[in-house]
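Please open the structure in a viewer and keep the selection tool at hand. The stops below proceed from one selection to the next.

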Amino acid sequence: QIFDAFKARLHDSNSKVNQVALETMHKMIPLLKDNLSPVINMLIPAMVDNNLNSKNPGIYAAATKVIQALCQHLDNYLLLQPFCTKAQFLNGKAKQDMTEKLA
């Protein structure tokens, strides 16, 4: 339930709220690690969809830090399917970023 509400903040139209949500997620990942597995399929699309293609440099930087933290602190098998799905359907620099993470 907490992450259902948090997910909405990752899509917030207010860029400051969106950026703070991403920065907060970056701080939570090392603490929660693999305990994020039940919600990872919901969170990755919320973190990646608009944020990696954002023209706002703060949001883009925060989103890339979140992706990096996921790769660093979670088992790769948890990330493989959501990253593949995102890399397949994204466009622009988000597609490039996700493809590089998959490689």
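Begin by selecting Phe3, Asp4, Lys7 and Leu10 in α1, together with Met42, Leu43, Ala46 and Met47 in α3; these residues form the meeting of the two helices. By class, the residues of this contact divide into six nonpolar and two charged, with no polar residue. The model under view is predicted.

Next, display α1 and α3 as whole helices. Two packed helices are described by the angle between their axes and the distance between the axes. Here α1 and α3 pack at an angle of about 15°, and their axes lie 9 Å apart. Because angles under 35 degrees count as roughly parallel, α1 is described as roughly parallel to α3. The crossing in which α1 passes α3 is left-handed.

Now select methionine 25, which lies in helix α2. Is methionine 25 buried or exposed? Its relative accessible area is 0%, so methionine 25 is buried. Show the residues around it: apart from neighbours within four places in sequence, methionine 25 is in contact with Phe3, Phe6, Leu36, Leu43, Met47 and Val66. For a distance to check in the viewer, take the C-alpha atoms of methionine 25 and leucine 74, which are 13 Å apart in space, while the two residues are 49 residues apart in sequence.

Then widen the selection to the largest nonpolar core, which has 31 residues. Which of its members touch the most other members? They are Met25, Met47 and Leu70. At least two residues of this core come from each of α1 (2–10), α2 (15–32), α3 (40–48), α4 (57–73), α5 (76–89) and α6 (92–102). The helix that gives the most is α4, with seven residues. In soluble globular proteins, nonpolar side chains tend to be buried together.

Within this core, select leucine 70. Setting aside neighbours within four places in sequence, leucine 70 is in contact with Ile29, Ile40, Ile44, Met47 and Leu79. Met47 is also among the contacts of methionine 25, and Met47 belongs to the α3 side of the contact with α1.

Finally, move to lysine 33, in the loop between α2 and α3. Most residues other than glycine have a negative phi, and most peptide bonds are trans. Lysine 33 has a positive phi, near 45°, in a residue other than glycine. With a relative accessibility of 41%, lysine 33 counts as partly exposed.

Conventions
Residues numbered from 1 in each chain as written. Predicted model: local features only at pLDDT ≥ 70, side-chain atom pairs only at ≥ 80, totals over all residues. Heavy atoms only, no water. Core = buried A, V, L, I, M, F, W, Y, C linked by side-chain atoms within 4.5 Å. Buried < 20%, exposed > 50% of the residue type's maximum accessible area, 1.4 Å probe, protein only. Helix = DSSP H or I, 4+ residues; strand = E, 2+ residues; numbered from the N terminus. Contact = heavy atoms within 4.5 Å. Axes fitted to C-alpha atoms, helices over the stretch in contact; angles between N-to-C directions. Parallel < 35°, antiparallel > 145°, perpendicular 65-115°, else oblique. Left-handed = near helix turned anticlockwise from the far one by under 90°. Nonpolar A, V, L, I, M, F, W, Y, C, P; charged D, E, K, R; others polar.
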